[in-house]
Amino acid sequence: MNSEETKIEEPAPAAPKRVGGYGALVAAGILLSRIAGLIRTRVMAHYFGNSAAGDAFAAALKVPNFLQNLFGEGVLSASFIPVYARTLARGDEKLAGRVAGVIATLLALITSILVLAGVLMTPWLIDFIAPGFEGPTRQLTIRIVRIIFPGVGLLVLSAWCLGILNSHRKFFVSYVAPVLWNGAMIATLVFFGKRMGQSDLAVALAWGLVVGCALQLGIQVPFIIRFAGSIRFGIDTRLREVQQVFRSFVPVVIGRGVVQLSAYIDLLIATYLPAGAVTSMTYAQTIYLLPISLFGMSVAAAELPQMAGEVGETTKVAEALRGRLSRGLRQISFFVIPTVTAFVVIGDLLVAAVFQTGQFTPELTRYVWYILVGSTIGLLAMTQGRLYSSAYYALGDTRTPLRYAIVRVLLTGVLGYLFAFPLRPLIVTFVHLLRMPIPSVEGGPLALGAVGLTASAGVAGWIEYLLLRRGIQNRIGPVASPPAFTAKLWMASVAAGLASVLVDRMLFRALLAEVPFAKILEALIASGIFGVLYFGIAFALGVAEVRAFLGRFVKRARV
């Protein structure tokens, strides 16, 4: 399909669509799963710190994750959901069930083959992904990868369940299912944490991960049976809708593979940094991905099946897409802009509250905070870019995002190397200019190469975002994005951030110094002050999203 000549079908009129609210369901599910993820990472930080065993597990988890990302949620969102949702919108549930069954069967076959190949080829994969690992760390990584590969294969099928339920507007279950995945890993750490050394604990954690994968898939199956009972498994590639899925599937798989290269380039470079860099980047990523998932993914996931289900004349569909994009972008900006500010001004408190325990020292907290600050450069671009990508997928265009993803990967690789190594002294100089101390971690100033990796990835993310925005506006027309609205959000967030830091430094830090769980209390108080002030200032500046957001809670309270 030529992306520049995409024609929008005109099926029978569909039932009126809900304008909003689905994003809140997705966000609620993601929030619960991310909270569980934060707890899991905190427990991991307690037992592993930034040790070699922690590096091994963090690197091992990324290898089979390639399989999940290649054939999982992102690919199915781009190729399967639009076709399945349009078929449902035409009222042909029987055909939709046949299409879903064929895709599930083919996914299971392909994934099984790749899992087997991955287990057999693990040593060569480690040499490619983490060439800086040697000796016991390399052997431990190989062992962990071979254990968790089959479990991640189950997550691919879990992503298929998510696609089905999303298309039926049943968002909450699939996005809250990872709570079980995280819960299984937490239980493993708590039970074996004091009974094993770090290397053996990493192996036990790998088995706990596999159990969690099975639980995440299993909880969704009853809902699939309930809401999509017409699914029929089998192989029938003659169906026109199945062929449409595969025409989109191939470029999306390539695109996801290209995007994954970006993450693996960072991992590869990080393995040459001082020990602990890989684990520390993983800790920072846990916090950094929360707003991307909570705001970017929730809005994009909720809007995709609705955008794909828009029917009628091309001009009317384009108008509907512009409206959905504009509303979604405002929602994302309203939450992500203050998140960027919070990560910069009180990020140290957040990192300490989540991770600082056991092997996770205050100096490691500072190091992870610096990495987190580097990640904020591209945070807004990454979240809004997800929504623009969903608009392309809804139009049946999977090739244009692929081209832009390639640009992003090339930039990530080049800039990541430059700022992690030859240009790293610039980062060190910048830290000194801010009168901030260099963290006392292994490698000292050399370890700040990890900050360069996250910052350069953010720059590449902005380039991709600008390309996505320009391309979609050439297709459907200008999408409203008032600069005054964005300026108000920045004004409110910066004012709230400065106030929360001042109050914390002048009052609460000293008062809470000797109190149990002081770091957690300090982070809660500073975050609370920040949030209240941000909402209050934004409301005073006339930001309508404040009233809309608070109105949801008022309605629920009345009910």
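User: What makes arginine 195 count as sitting over the ring of phenylalanine 191?
Analyst: The charged end of arginine 195 is 4.4 Å from the ring centre of phenylalanine 191. A charge sits over a ring if NZ of Lys or CZ of Arg is within 6 Å of the ring centre and within 35 degrees of the ring normal. Arginine 330 also lies over a ring face, that of phenylalanine 485, at 3.8 Å from the centre.

User: What kind of model is this?
Analyst: It is a predicted model; local features need pLDDT of at least 70, side-chain atom pairs count only at pLDDT 80 or more, and totals for chains, interfaces and linings use all residues. Residues are numbered from 1 along each chain as its sequence is written, and side-chain values use heavy atoms, without hydrogens and water.

User: Why is the pair of phenylalanine 334 and tyrosine 534 called tilted?
Analyst: The centres are 5.7 Å apart, and the planes make 40 degrees. Rings of Phe, Tyr and Trp (its six-membered ring) pair if their centres lie within 6.5 Å; planes under 30 degrees apart count as stacked, over 60 as edge-to-face and the rest as tilted, so this pair is tilted.

User: How do you know that phenylalanine 334 is buried?
Analyst: Its relative accessible area is 1%. Buried means under 20%, exposed over 50%, partly exposed in between (1.4 Å probe, protein chains only). Tyrosine 534, at 3%, is buried too.

User: Which aromatic cluster holds them?
Analyst: Phe334, Phe335, Tyr534 and Phe535 form one cluster.
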